[in-house]
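Have the sequence and the structure open as you read.

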Amino acid sequence: ETSRDAVRRVHKLIALRERLLLEDHGKGSAALVSQLFVRPHISVTEAARVMDVSHPTAAKVLQSLVAAGHLREITGRSRSRAYVAQAILDALERSPA
């Protein structure tokens, strides 16, 4: 049962990644999506570096992903914001036995 659960989680992650990569949220968004599957938490500064764009451009892409329901802002601040891809974390969690 454990191996079947792991396989289900992997399939869920693959489908989620493919779906996110098909969406265009702006310059560098594919690189950002790929990074989220390595580390599902990201700041605007980290996103700008990963996407090789300016801070304002990274913030716009992140906001687009928030609007689409793929990211959630977790600091509650207007500056130095950080985001989480909750769907990725949820897919990684083991199903209850």
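Start inside: the largest cavity is lined by Leu 16, Leu 20, Val 33, Leu 36, Leu 65, His 70, Ala 85, Ala 87 and Ile 88. A quick word on the terms: on a 1 Å grid over the protein atoms alone, a cavity is a set of points where a 1.4 Å probe fits but cannot get out, a pocket is an open set with protein on both sides within 12 Å along at least five of seven lines, and lining residues have an atom within 4 Å of a point. This is a predicted model, so local features need pLDDT of at least 70 and side-chain atom pairs count only at pLDDT 80 or more, while totals for chains, interfaces and linings use all residues. Numbering starts from 1 along each chain as its sequence is written, and side-chain values use heavy atoms, with hydrogens and water left out.

That cavity holds about 60 Å³ of space, where grid points are joined across faces, edges and corners and a volume is the space filled by probe spheres set on the points. The count comes to one cavity of 30 Å³ or more. Helix 1 (2–22), helix 2 (29–36) and helix 5 (86–92) each give at least two residues to the lining. By class, the lining has eight nonpolar residues, one polar and no charged; here Ala, Val, Leu, Ile, Met, Phe, Trp, Tyr, Cys and Pro count as nonpolar, Asp, Glu, Lys and Arg as charged, and the others, Gly among them, as polar.

## The overall layout

The protein has five helices and three strands, in the order α-α-β-α-α-β-β-α from the N terminus on. Helices (H or I, at least four residues) and strands (E, at least two) are DSSP runs, numbered from the N terminus. Taken along the principal axes, the C-alpha atoms fill a box of roughly 45 × 25 × 20 Å.

## How the helices pack

Helix 1 and helix 2 have axes that come within 9 Å and cross at roughly 165 degrees; axes are lines fitted to C-alpha atoms, for helices over the stretch in contact, and angles run from 0 to 180 degrees between N-to-C directions. That makes the two roughly antiparallel, on a scale where angles under 35 degrees are roughly parallel, over 145 roughly antiparallel, 65 to 115 roughly perpendicular and the rest oblique. Arg 17, Leu 20 and Leu 21 in helix 1 meet Ala 30, Val 33 and Ser 34 in helix 2, contact meaning heavy atoms within 4.5 Å. Four of these residues are nonpolar, one is polar and one is charged.

Helix 2 also meets helix 3 (residues 44–51), with axes within 8 Å and crossing at roughly 120 degrees, so this pair is oblique. Ser 29, Ala 31, Leu 32 and Gln 35 of helix 2 touch Ala 47, Val 50 and Met 51 of helix 3, a set of five nonpolar, two polar and no charged residues. Next, the axes of helix 3 and helix 4 come within 8 Å and cross at roughly 105 degrees, which makes that pair roughly perpendicular. Val 44, Thr 45, Ala 47, Ala 48 and Met 51 of helix 3 contact His 55, Ala 58, Ala 59, Val 61 and Leu 62 of helix 4. Eight of those residues are nonpolar, two are polar and none is charged.

## The open pocket

What lines the largest pocket? Ser 43, Val 44, Thr 45, His 55, Ala 59, Gln 63, Ser 78, Arg 79, Ser 80, Arg 81 and Tyr 83 do, around a volume of about 170 Å³. Helix 3 and helix 4 (55–67) each supply at least two of the lining residues, and the largest share, three residues, comes from helix 4. By class, this lining has three nonpolar, six polar and two charged residues.
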